[in-house]
Amino acid sequence: MSRKLSPESWKQIAPGAAMVLLAGPVFLFMAMDITLFLIMSRTRGMTASTQIFDLSMEIVLCLFAGLVTAFGARKIWRELRKT
């Protein structure tokens, strides 16, 4: 059940694969960092204002990386379904 992909299909898949390979690990790292921050902040007590600013930046970057990863995966999935 293996299918051969044409060179045109590979050209369509390559940008999506690059998005997934570059933004995917960033998303996973940021999500783990946010999770660890939230778990550790329960035991530490008060949170400084600089930490709140850093957390908001991390949330925005995590969401952006997640969207790029999902868009890349969607591009790959669409091309594989066409063939």
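Analyst: Helix α1 bends by about 30 degrees at A23. A proline, P25, follows within four residues of that bend. The bend at a residue is the angle between axes fitted to the seven residues ending there and the seven starting there. Helices (H or I, at least four residues) are DSSP runs, numbered from the N terminus.

A word on the source. This is a predicted model, so local features need pLDDT of at least 70 and side-chain atom pairs count only at pLDDT 80 or more, while totals for chains, interfaces and linings use all residues. Residues are numbered from 1 along each chain as its sequence is written, and side-chain values use heavy atoms, with hydrogens and water left out.

Now the length. Helix α1 covers residues 7-44, 38 residues in all. At 1.5 Å a residue it should span 56 Å, and its end C-alpha atoms are 55 Å apart, which agrees. The expected span is 1.5 Å times one less than the number of residues. Just after α1, G45 takes a positive phi of about 100 degrees.

Next, the buried side. S9, I13, G16, A23, G24, M30, I34, F37 and S41 of α1 are buried. Buried means under 20% relative accessible area, exposed over 50%, and partly exposed in between (1.4 Å probe, protein chains only). A23, the site of the bend, is on that list. The buried residues of α1 pack against α2, residues 49-82.

M30, I34, F37, L55 and C62 form the largest nonpolar core, 5 residues in all. Both α1 and α2 give two or more residues to this core. α1 gives the most, with 3 residues. A nonpolar core is a set of buried Ala, Val, Leu, Ile, Met, Phe, Trp, Tyr and Cys residues joined through side-chain atoms within 4.5 Å. Leaving aside neighbours within four places in sequence, L55 is in contact (heavy atoms within 4.5 Å) with I34, F37 and L38.

Last, the partner helix. The whole structure holds 1 salt bridge, a side-chain nitrogen of Lys or Arg within 4 Å of a carboxyl oxygen of Asp or Glu. The side chains of E79 and K82 meet in a salt bridge at 3.4 Å, N to O. They are 3 residues apart in α2, so about one helical turn separates them. E79 counts as buried because its relative accessibility is 8%. K82 is exposed, at 64%. The C-alpha atoms of K82 and A23 are separated by 25 Å.
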